[in-house]
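Grab a viewer and work through these exercises on aromatic packing. Each task comes with a solution that goes step by step.

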Amino acid sequence: MDVNPPVRHRRVVVIGAGQAGLSAAYFLVRAGLTPGVDMEVLDANPTPGGAWSHRWDALTFDHVNGLHDLPDSAIGPADPAEPAREVVKRYYGRYENEKSLKVQRPWRVRSVETVDDGDARFRVTADGPDGATRVYLAGAVVSGTGTWDRPYVPWYPGRFGGRQLTTRDFTTPTDFVGRRVLVVGGGISAIQFVMLFDESGVDTLWSTRTPPRWRDCPFDTNAGREVEMRVAARTRAGLRPRSVVAETGLPTSPAVLDAIDRGVLVSRGPVRALTDDGVDFADGTHERVDVILWATGFRASLGHLAPLGIRERTGGVLMADDDVSVVKAPGLFLVGYGRSASTLGATRAGRRAAREAMLATERRDRAISSR
């Protein structure tokens, strides 16, 4: 770790190069900023692709539940049988090059703190290769760090003696052949895991906290807008965003309906307790399992913002009505959070955050010049 790293001055620092971060960076460039000069994009991943770069091989592009184009770009044709990870890595990497965004990686932001140093509001400290450290003074920060770093595992009484893993640890269903696996979770990833295990001949059980909410109507623009408004109502009140499935329900397809009919996608209900060799269910039954896969969602990755004290007692972040501005930290903007957690929402949030970041730094410049 550098003891006294040089300080770099930027008007805006963007943290994260997923859909939301790249969208914000694009619109900042459109507003006149130059990457590497008056703005910087920092990404913790070693390659383009954001969280997609960590997805498992068996998640092929034809199983992706929607991927919106980046602004002023199109993903173009892709082999449906190719791992989605490779499709998105290639697309994001091409986009970074075409738009000359000069993403700096792998640089993981350790902390964002407030300062009062001329036109700077924030001190951004990032750790990079070989123990290197960078420090930026910035007038505004756009944080689009997503959720991949914070898988959520609920607490249950007892202790399980077998293997446990989360969505981010999963690699391939063939790793579990010959073992009995319990998949816990009521989201899209959970049903994908159950179906993948079934295709590979893995003995699988499925547990959900509440009965699966299958969606039997199309998820059109109006439905999406209604979901976004419900999510926005929570974040504007400082509440923690709910899971996507809690708002949208689970989509069905011929393959999903077939799995339901065959008894593959039938939940055993909620877990009551863990045991050394398995789990006790709320219905009073016990099942022996070798592995528990917690597909129980993620929480927003906001640890680097802890010095700013923006979390409410309710666990969320109080957002302004534009759904990107953080009320407790003027000049800080969250993208890919709450309402903008979808890929379409992330693109729109990137545009709003870029506009507000430019306005915030312009206002600060005027205030300083008038002193």
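Buried means under 20% relative accessible area, exposed over 50%, and partly exposed in between (1.4 Å probe, protein chains only). This is a predicted model, where local features need pLDDT of at least 70, side-chain atom pairs count only at pLDDT 80 or more, and totals for chains, interfaces and linings use all residues. Residues are numbered from 1 along each chain as its sequence is written, and side-chain values use heavy atoms, with hydrogens and water left out.

**Exercise 1.** Work out whether phenylalanine 193 and tryptophan 56 are buried or exposed.

*Solution.* Start with phenylalanine 193: its relative accessible area is 0%, so it is buried. Next, tryptophan 56 has 2% relative accessibility and therefore counts as buried too.

**Exercise 2.** Classify the ring pair of tryptophan 56 and phenylalanine 170, and say what it ties together.

*Solution.* First, the rule: rings of Phe, Tyr and Trp (its six-membered ring) pair if their centres lie within 6.5 Å; planes under 30 degrees apart are stacked, over 60 edge-to-face, the rest tilted. Here the centres are 5.6 Å apart and the planes at 90 degrees, so the pair is edge-to-face. Helices (H or I, at least four residues) and strands (E, at least two) are DSSP runs, numbered from the N terminus.

**Exercise 3.** Which residues do ring pairs link into a cluster with Trp56?

*Solution.* Ring pairs link Trp56 with Phe170, Phe176, Phe193 and Phe197.
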